[in-house]
Amino acid sequence: MNENGSKRRDWVKNAAIIFLTIMLLLTFFSNTIMNYSLPEVAVQYVQSGSITTKIRGTGTVESDDPYEVNVKETRKVDSVLVREGDSVQKGDPLFLLADVESTELQAAKDAAKAAQNALDVAVTSLELAILKGDISNATANNIQNGNVMSFANYQKRMESANADVEKLEKGVEDANATIARLESQQGSLAGSTPDTGKEQEAFNAAQNALNADPVKKAYDKIQDYAGKIAECDAVIAERQEGIVTGYITVSSGDLVPILSVSDEEYQIALVNRARYIELMGKEQETVAVPEAKAEYDRLLKVYNDAQAALESKQNSVTNGTNAIAAELNKQRALLADTTAKLTAAQDVRADLLTEIEMELTGGTSLTGGSSIKDLREALVKAQEAVLKEEEKSVGTTIEAPISGTISSINVVSGRETDPTTPAITMLPEGSKFSMSFKVTNDQARRLSPGMQAELVNSWRYDDVVVTLSAIRPDPENPSQQKLAVFDVTGSVTDGQSISVSVGDRSANYEMIVPNSAVREDSNGKFVLMVESRPSPLSTRYIATRVDVEVVASDDTQSAITGGLYTYSYVITTSTAPVVAGQQVRLADN
Amino acid sequence: MKKFLHSLSVRQIILGISGILSFLVFLALLAAFWLLQGKEQSQRMANRWDADGGMAQVSCFFSHDAAISEDMLETFRHSIDSALQEASVTQDSPNASARLWTDAYSADGMITVESDKSKLDAHAIGIGGDFFQFHPLRLLDGSYFSGNDLNSDYCILDEDGAWQLFGSNDVAGMTVMIAGMPHLIAGVVHRDDGYLARAAGLESTIVYVSYSTLERYGTNYGINHYEVVMPNPVRSFAYQYVAEHIGVDEQNLEVVENSKRFKLLERIKAIPAFATRSMNGKAIIYPYWENIARGYEDLLTVIALFGILFLAYPAILLTIYLMIRWKHKTWTVKGVYLHLKDKGERRMEGARAKRRIKRQRKKKYKNRFDEEEEYR
């Protein structure tokens with residue numbers, strides 16, 4: 001029992017000693033242990049000083065009045081005689097061009113030639129159309145000149161042609177109708193025969209009476225004798241003409257002609273003629289008796305009347321048929337004529353339509369695209385373009401138009417010039433330089449014309465002075481940005497890039513802290529001030545929040561106002577986040 | 001206690017010890033969860049902006065096809081003020097220049113930085129707004145810059161970049177050239193080099209420049225990130241507002257509420273969806289801080305899962321033990337009540353007795369004092 005008690009007491013004693021030892025050690029080193037768990041902070045004291053708010057920017061120096069030497073045609077460059085930065089006087093050669101026509105002039109000439117060819121082809125097509133009779137001269141003239149009448153005019157002409165055609169079509173139609181009607185009538189008349197008995201008797205009686213009339217007989221004889229006399233006269237005349245029908249060789253060996261009328265025939269003809277004349281005379285004495293003559297005339301009249309009556313009776317159908325036939329022939333002739341006229345009128349109308357179409361389209365159907373007027377105009381334009389290119393053409397030597405400095409060269413030997421790009425840019429003697437860069441509206445509020453800008457790395461520049469001359473809206477973003485424009489004087493060149501800073505004048509402030517010391521949350525900006533609180537073992541440092549307002553700032557520090565003093569310590573950085581009221585440890589310096 | 005221990009069987013002792021150990025592991029996991037939860041400062045802007053709560057931090061990540069421009073973000077910013085006014089959320093700070101909300105955006109790209117000695121081709125982040133308020137990287141030298149600063153020609157290098165260009169970290173205020181334009185080094189920051197950071201995209205040098213510098217002088221891959229910290233009068237107000245009004249369709253947008261992503265409940269909710277977490281059907285490339293945050297989300301989810309398991313074990317054991325004890329209890333409720341009542345009455349009796357003695361003593365002293373006074 002005692003042994004157990006003793007062991008237990010030893011155990012308790014040892015545990016108590018160990019426990020107390022540990023507690024002592026922890027107490028002595030508690031500060032050290034705790035310090036290592038605290039965030040380490042770097043501090044800076046609040047001091048007075050000056051702050052200058054600067055706006056920085058970089059821009060490219062440009063000449064205010066650069067002079068561009070342009071070659072307004074594409075020519076090959078033989079050699080470039082100057083370099084960038086060279087000073088030249090007016091008239092000094094700058095570069096040499098090859099002695100050939102420019103590409104533009106060549107192209108213009110080719111275009112003019114092509115336009116001429118096109119026009120020639122079109123005119124030839126037009127002339128062929130005239131020769132073929134496809135269009136009239138007047139139409140061809142209109143096509144060539146591009147004359148186009150008013151639509152009302154064309155319409156009137158077409159209406160007239162259409163009216164002619166319609167009229168002729170009506171005529172053809174009427175003729176056809178009449179022919180049809182007449183043919184129908186003719187058909188109905190062809191089967192009928194008339195009664196001519198009485199007329200035949202009367203005629204026969206009249207004929208018999210006339211034939212029995214001595215005057216009639218005499219006339220018949222006279223007529224007969226006259227015929228015979230004519231025959232005799234013919235023989236006599238032939239004999240008198242001495243027409244030879246051949247030759248005969250007589251015993252003497254001579255050729256004797258053979259006449260067409262022999263002597264005997266001649267003598268007979270003479271005798272007969274005389275006889276017949278005598279006989280005719282006797283018959284004429286019979287005819288000359290007035291009473292006999294009157295009787296004859298009366299019988300003749302009766303005969304003629306009877307004959308006429310007979311014929312009329314006989315021809316009553318024939319007359320009607322013939323009249324219809326005649327009318328039919330007449331109508332058919334009229335139809336043929338009208339049809340021919342109709343065809344002609346239709347051709348005229350078609351030709352008129354073709355001509356109107358050609359006039360309206362300028363003959364594009366002949367020329368295959370553009371009208372002759374347009375082709376002519378195109379040719380004129382192409383010729384004008386050639387003249388223009390010829391005017392622009394320059395010689396082989398390009399000289400400096402002014403005295404100045406070469407700022408940029410955009411031509412290279414062996415390559416062609418570009419009419420859209422200046423070949424050389426020069427800075428006239430005594431020209432000014434400017435530079436600009438974009439600023440935000442906030443930055444622009446802090447600038448005013450007249451401010452002097454400082455050059456970044458100013459030791460590089462001897463005599464360069466940069467002054468803010470204007471603040472303009474930025475054309476690319478006028479609502480949100482401005483363009484700060486500076487005048488630059490001194491040893492600068494066009495195209496040089498310079499960086500400047502410009503801003504408010506310096507102002508002094510009582511409390512300035514590094515930018516990293518200023519923090520912000522929903523209650524505004526604040527700094528964490530370090531307050532030292534002495535304790536028996538060591539000094540403790542507590543981070544305390546102090547609300548501040550930032551009145552100015554630059555790249556590294558900010559001027560503040562608030563409830564703290566100059567030479568207070570503020571936390572700038574820490575190894576872990578620090579909140580107000582938290583204990584911190586200072587970084588070893 | 002000894003009697004109690006002696007009454008336990010071996011199995012009970014083993015179960016007890018394992019239960020206690022499991023609970024201790026749970027506590028350790030809880031502590032680890034709490035530590036990791038507060039590690040990522042880029043996810044705790046809401047807390048920094050307003051320690052009292054009531055703020056939410058919401059981040060948006062865009063695909064390249066979203067084609068976000070500064071103008072679009074400016075339009076969205078103006079709409080936030082109107083939305084807060086409609087929700088009757090106003091600034092009640094005595095500081096007139098205090099802001100109710102703040103935001104930031106950034107774009108990835110590449111940029112070439114030159115010093116007098118050397119040249120550096122680096123991954124660049126073009127920032128706008130109060131980027132470094134949201135991402136308070138550890139400053140080794142100098143200070144941060146903001147997209148709202150007067151000048152936009154600042155840059156921040158990481159320590160690798162500063163070493164490559166100058167051979168030192170103490171380079172704040174020096175000038176470097178970016179595409180021939182001078183830029184001021186505002187500060188030098190520490191670059192995380194842990195396992196998660198390297199896997200998240202921090203394996204090479206990063207240069208932080210203004211968005212306008214990246215756009216003009218570098219290769220800009222487009223704005224891929226926007227975040228805002230703003231009042232959250234009701235749950236998910238800020239998240240819903242940003243998701244609905246940012247003006248980008250769902251296929252090209254991912255919205256995250258940073259302020260609650262590491263909370264225990266969110267991590268527990270993520271456990272069932274753990275298998276599908278890695279799947280991404282959108283063409284969005286997350287910036288490194290979001291990749292790190294997602295790594296932490298996964299870690300915290302695993303910790304939460306194991307925490308639940310390690311808590312469940314002792315809880316089940318305790319429950320079983322209590323059930324067994326209840327089953328074999330030798331006391332009744334009435335007995336306990338009567339015992340307690342008796343104890344209470346005894347205590348009251350004792351108190352009454354003490355008061356009685358006190359009164360008697362007081363009376364006695366008073367009488368003596370009166371007698372002495374009379375005597376005098």
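Modeller: Let's start with one residue. A:Arg275 is partly exposed, because its relative accessibility is 42%. Buried means under 20% relative accessible area, exposed means over 50%, and partly exposed lies in between (1.4 Å probe, protein chains only).

Biologist: What should I know before reading more values?

Modeller: This is a predicted model: local features need pLDDT of at least 70, side-chain atom pairs count only at pLDDT 80 or more, and totals for chains, interfaces and linings use all residues. Residues are numbered from 1 along each chain as its sequence is written, chains are lettered from A and ligands numbered from 1 in the order in which they are written, and side-chain values use heavy atoms, with hydrogens and water left out.

Biologist: Back to A:Arg275. Which side chain does it meet in a salt bridge?

Modeller: A:Glu278, at 3.6 Å from N to O. A salt bridge here is a side-chain nitrogen of Lys or Arg within 4 Å of a carboxyl oxygen of Asp or Glu. A:Glu278 is partly exposed, with a relative accessible area of 42%.

Biologist: How many residues apart are A:Arg275 and A:Glu278?

Modeller: They are 3 residues apart in helix H7 (residues 263-288) of chain A, so about one helical turn separates them. Helices (H or I, at least four residues) and strands (E, at least two) are DSSP runs, numbered from the N terminus.

Biologist: How many salt bridges are there over all chains?

Modeller: The search of the whole structure finds 42. Among them is the pair A:Glu520 and A:Lys525, at 3.9 Å from N to O. A:Glu520 counts as buried, because its relative accessibility is 10%. A:Lys525 is partly exposed, at 30% relative accessible area.

Biologist: Now chain B. Which residue forms a salt bridge with B:Lys269?

Modeller: B:Glu266, with the closest N and O atoms 3.7 Å apart. Both sit in helix H11 of chain B, 3 residues apart, so they are separated by about one helical turn. B:Lys269 is exposed, with a relative accessible area of 53%. B:Glu266 is partly exposed, at 21%.

Biologist: Which residues do salt bridges with shared partners join into one network?

Modeller: B:Arg261, B:Arg267, B:Glu290, B:Arg294 and B:Glu297.

Biologist: Is B:Cys60 buried or exposed?

Modeller: B:Cys60 is buried, with a relative accessible area of 0%. B:Cys155 is buried too, also at 0%.

Biologist: On to sheets. In what order do the 3 strands of the open sheet in chain A come?

Modeller: The order is E6-E8-E11, with antiparallel pairing. Two strands pair if DSSP finds at least two bridges between them. Strand E6 (77-80) and strand E11 (397-399) stand at the edges with a single partner strand each, so one side of each has no neighbour in the sheet.

Biologist: And how many bridges join E6(A) to E8(A)?

Modeller: There are 3. Strand E8 (residues 93-97) of chain A also pairs with E11(A) over 3 bridges.

Biologist: What is the bridge partner of A:Ser79 in E8(A)?

Modeller: A:Leu96. In E11(A), A:Leu96 has A:Thr397 as its bridge partner. A:Phe95 has A:Ile398 as its partner in E11(A).

Biologist: Which residues have a positive phi although they are not glycine?

Modeller: B:Ala67 is one of them, with a phi of about 50 degrees. B:Ala67 lies in the loop between strand E1 (55-62) and helix H4 (70-86) of chain B. At 55% relative accessibility, B:Ala67 counts as exposed. B:Ala179 has a positive phi of about 55 degrees. Its loop runs between strand E6 (175-178) and strand E7 (181-189) of chain B. B:Ala179 is partly exposed, at 47% relative accessibility.
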